[in-house]
Amino acid sequence: MRDQMLPSIILFDGVCNFCNYWVQFIIKRDPQATFQFASLQSEVGQELLEKHSIDRSTDSVVLIMEGQAFVCSDAVFKIVAQLDSPIRWLKWAVIFPRFLRDFIYRIVARNRYKWFGKRDECQIPTKEQRSRFL
């Protein structure tokens, strides 16, 4: 059972098709609205990056949870651990060394536009989803 906690914030690349799919995937498996979202490109996203001393040009998913910021594979595994879905088993991949996890993460991140495409602008959330976006 998930602990009751304040909403965590996921910063994502708002123009990346894969990243937008990932956000929709999370929303469907997060019925208690544990996560809120902001694009890295947004004013809120940029302010949060600065507040947590993360390079404002980062292209990694960023999770801000309980006052701490997590990037790359650490962020992904902390996110999936909170979801209501069989994907939660992926949280156990954290047993692999971070350099290996982040190496794989960076391969996907570096090729995401080539493999999944890119939008000209950030996705507009639906009326039902709007409250989840900062």
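How many nonpolar, polar and charged residues does the lining of the largest pocket have? The lining has 18 nonpolar, two polar and four charged residues, where Ala, Val, Leu, Ile, Met, Phe, Trp, Tyr, Cys and Pro count as nonpolar, Asp, Glu, Lys and Arg as charged, and the others, Gly among them, as polar.

## Basis of the model

This is a predicted model, in which local features need pLDDT of at least 70 and side-chain atom pairs count only at pLDDT 80 or more, while totals for chains, interfaces and linings use all residues. Residues are numbered from 1 along each chain as its sequence is written, and side-chain values use heavy atoms, with hydrogens and water left out.

## Largest pocket

The largest pocket holds about 560 Å³ of space. A pocket is an open set of points, on a 1 Å grid over the protein atoms alone, where a 1.4 Å probe fits, with protein on both sides within 12 Å along at least five of seven lines; lining residues have an atom within 4 Å of a point. Grid points are joined across faces, edges and corners, and the volume is the space filled by probe spheres set on the points.

Of the 24 lining residues, Phe18, Ser73, Val76, Tyr105 and Val108 are the closest to the centre of the pocket. Helices H1 (17–28), H3 (72–80) and H4 (98–116) each supply at least two residues of the lining, and H4 gives the largest share, seven residues. Helices (H or I, at least four residues) and strands (E, at least two) are DSSP runs numbered from the N terminus.

## Nonpolar cores

The largest nonpolar core has 25 residues, and Ile10, Ile26, Phe35, Phe37, Leu63 and Ile79 have the most contacts inside it. Such a core is a set of buried Ala, Val, Leu, Ile, Met, Phe, Trp, Tyr and Cys residues joined through side-chain atoms within 4.5 Å; buried means under 20% relative accessible area, exposed over 50%, and partly exposed in between (1.4 Å probe, protein chains only). Two or more residues each come from E1 (8–12), H1, E2 (35–39), E3 (62–65), H3 and H4, with the largest share, six residues, from H1.

## Salt bridges

The structure holds six salt bridges, each defined by a side-chain nitrogen of Lys or Arg within 4 Å of a carboxyl oxygen of Asp or Glu. Aspartate 74 pairs with arginine 98 at 2.8 Å, N to O; because aspartate 74 lies in H3 and arginine 98 in H4, this pair ties together parts 24 residues apart in sequence. Aspartate 74 also meets arginine 101 at 2.9 Å, N to O, and both of these residues are buried.
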